[in-house]
Amino acid sequence: MIGGTGLEHVELKDLQNRTVSTPYGDVTVDIGRLGEDKPLMVFMSRHGKGHTVPPHGVNYRANIWALKELGVKKIVATAAVGSLSTRFKLGDIILVDQFLDFTKSRPQTFYEGGEQGVLHVDMTEPYCRSVQKVIQEAAKNIQLEVKTGAVYVCTEGPRFETPAEIKMYQILGGECVGMTSVPEVVLAKELGMCYATIGLVTNEAAGIADHPLTHEEVIENMKVTGKTVAELLPEIFRLFRPEQDCRCPLGNAEAGKF
Ligand code: HPA
């Protein structure tokens, strides 16, 4: 699991810390169980335990490489999002289905040419349908509503958007906005891993909200929604099976690497 804003920490049984060396730098993760009878999982805090790493400063390649190195096949990520759509209200839990990429300065690929080869990874289904199905089933089991099919706009940040930008994103079909899903989802696909994002609606986007946005507002609202997600996670991991019964492991087959 990759925990985003407000989910910097989860309580794990049999907890161990592991530092993994990658070509992009070292990454430290927690390994443990979300309950005594639950399977082993890896927990990674995207912004660091004390939320010290901004979205544009996250070492996405090191993080995803480290998960691959640890044998992870399926990633559930959480992401705080602003809502651009009347479909998504404050406190809603949503499953992201597509993205619009407005990032500007992030390494986007493991395939840099030369020895690493070239891969134009398919993004027809960026977020794993099979993992999304498990999340939906888990939510149903604990009577939690999860809204599906969200189009996520990924901005560079760290600033929030202008109302004019939000209007543009709405015209383009964006429904929620955040700063981290790209390139995380792309890199997971490049290494043949399943990846799904649970979006937690922390605010109405700029210009829709009737007040200026603050990071504090996002954090405060995450505290409430984060608790609900903390109940959902053990059920997701209980339902997970090791097999990847989807197209994700074929994501990098063309390159024949990694
Ligand atoms: N914009 C960008 N990222 C965000 C927002 C937002 O309104 N809310 C939470 N993450």
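Here are some questions and answers about pockets, backbone angles and side-chain contacts in this structure.

This is a predicted model, where local features need pLDDT of at least 70, side-chain atom pairs count only at pLDDT 80 or more, and totals for chains, interfaces and linings use all residues. Residues are numbered from 1 along each chain as its sequence is written, and side-chain values use heavy atoms, with hydrogens and water left out.

Q: Which strand gives the largest share of the lining of the largest pocket?
A: A pocket is an open set of points on a 1 Å grid over the protein atoms alone, where a 1.4 Å probe fits, with protein on both sides within 12 Å along at least five of seven lines; lining residues have an atom within 4 Å of a point. Strands (E, at least two residues) and helices (H or I, at least four) are DSSP runs numbered from the N terminus. β4 (40-45) and β5 (74-83) each supply at least two residues of this lining. The largest share, three residues, comes from β4.

Q: What is the volume of the largest pocket?
A: Its lining has 17 residues, with Leu 40, Met 41, Gly 71, Val 72 and Lys 73 nearest the centre. A volume is the space filled by probe spheres set on the grid points, which are joined across faces, edges and corners. For the largest pocket the value is about 470 Å³.

Q: How many residues in the lining of the second largest pocket are polar?
A: Here Ala, Val, Leu, Ile, Met, Phe, Trp, Tyr, Cys and Pro count as nonpolar, Asp, Glu, Lys and Arg as charged, and the others, Gly among them, as polar. The second largest pocket holds about 400 Å³ of space. Of its 27 lining residues, the closest to its centre are Thr 5, Pro 55, Phe 160, Met 179 and His 215. The lining has 13 nonpolar residues, two charged ones, and a polar group of 12.

Q: Is Asp 14 buried or exposed?
A: Asp 14 belongs to strand β2 (residues 13-22), and its phi is positive, near 50°. Buried means under 20% relative accessible area, exposed over 50%, and partly exposed in between (1.4 Å probe, protein chains only). Because its relative accessibility is 53%, Asp 14 counts as exposed.

Q: Which side chain makes a polar contact with the side chain of Glu 161?
A: Glu 161 is buried yet has no salt bridge, and the nearest side chain of opposite charge, Arg 159, is 6.0 Å away. A salt bridge needs a side-chain nitrogen of Lys or Arg within 4 Å of a carboxyl oxygen of Asp or Glu; Lys and Arg count as positive, Asp and Glu as negative, and His and the chain ends are not counted. A polar contact is a pair of N or O atoms within 3.5 Å; within protein, one must be able to donate a hydrogen and the other to accept it, and residues adjacent in sequence count only if both atoms are side-chain atoms. At 3.2 Å, the partner of Glu 161 is Thr 155.
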